[in-house]
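Dear colleague,

I am handing over the structure below, together with some notes on what was found in it. Please read them alongside the coordinates, keeping in mind that this is a predicted model.

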Amino acid sequence: MGYSRPMRLRLLAPRYWLTWAGLGLLRLLALLPFAAVVRLGRLLGAVVRRLAPGFVRIARRNIELCLPELSAEARQRLLGEHFASLGVALLEIPFAWWSSPARLAKLVHIEGAEHLRAAQARSRGVILLTAHFTSMEMAGRTLLFLAPVGFLYRETRNEVLAYALQRFRVGYGGHPIPKDDIRGFISALRHGECVWYAPDQSYRKKGAEMVPMFGIPAATNTLTSRLARMSGAAVLPYFFERLPGTQGYRAVIHPPLENFPSDSPAEDTARFNRMIEAQVRRVPEQYLWIHRRFKGLSPDYPDYSGRQAPRRA
């Protein structure tokens, strides 16, 4: 999408000056060494934890539900590490937007790129199936090292932010697909494109089913199976993690899922949920615990996120 001269002038309107100032600050932060990004991000996470008690409550409850085997002390430590991870994630946004490929290549170790190349060689579309971990922005930028990739996006009313997303995601080879444009998604796959897709958050629209996540039935998007069936695309799980300290990142592209899709979209989704659970146990602080994941499709579903939510047996 190009920007005409009148559109570019409109982006300079006074109502957007604060947004431009924020982008300028992000640009300066992108100049920091990676070690400084990590240290400052952890401090920022501690501030966010103090200023956002609602998110703290949701994260604490999710950790209790999903990892009941942890002691109270271990859960509290994990909560603190999660907010440190969130703080680093905020500073990773400018780092991903403005860092050169050479700079990022020194920090990211990619495993399984051959699986993506093999899937592309069959001239089929590829669904890179992922989940919401805190390093999402870096995960997306890393994929663009390997191939042009489509990504779903939610439209924003702030035209300057829309311009920034257009420039820094599309500029590196990303292809935007509106979040609700299923036809556009399928069309991209049928034309042999790769699409990065994260269907793991709470979902109660058409096609939702109750699928277990950490043993708890939750309203879940089962669209992946239908997309794969309609397009003939290969489905490759993709997970990205931040390594300890300042070691960088590890990206793993798994082989295509075999016998996928099956006759049961719910079972296909449960199968991927089990992969998410395994990745969460690898890096539990990096999963997006602040999301209200446990919602139902009927009024009798327990209010797991409520202040007086019943404890899991």
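**The sheet and its surroundings**

In this predicted model, 7 strands make up an open sheet of mixed pairing, and their order is β1-β9-β8-β2-β5-β3-β4. The edges are taken by β1 (108–111) and β4 (174–178), each of which has a single partner strand, so that one side of each is left without a neighbour in the sheet. From one strand to the next, the twist averages 25°.

Within that order, β2 (residues 126–129) runs parallel to β5 (residues 194–197), and the two are joined by 4 bridges; among the partners in β5, Cys-194 is the one bridged to Val-126, while Trp-196 is the bridge partner of Leu-128. Two helices pack on the sheet here. Helix α10 (residues 182–190) touches β2, β3 (149–153), β4 and β5, and its direction makes about 135° with that of β5. Helix α12 (residues 265–282), for its part, touches β2, β8 (234–242) and β9 (249–253), with a direction at about 15° to that of β8.

β2 also pairs with β8, again in the parallel sense and over 4 bridges, and in β8 the bridge partner of Leu-129 is Pro-237.

With kind regards

Notes. Residues are numbered from 1 along each chain as its sequence is written. This is a predicted model: local features need pLDDT of at least 70, side-chain atom pairs count only at pLDDT 80 or more; totals for chains, interfaces and linings use all residues. Side-chain values use heavy atoms; hydrogens and water are left out. Two strands pair if DSSP finds at least two bridges between them. Axes are lines fitted to C-alpha atoms, for helices over the stretch in contact, and angles run from 0 to 180 degrees between N-to-C directions. Contact means heavy atoms within 4.5 Å.
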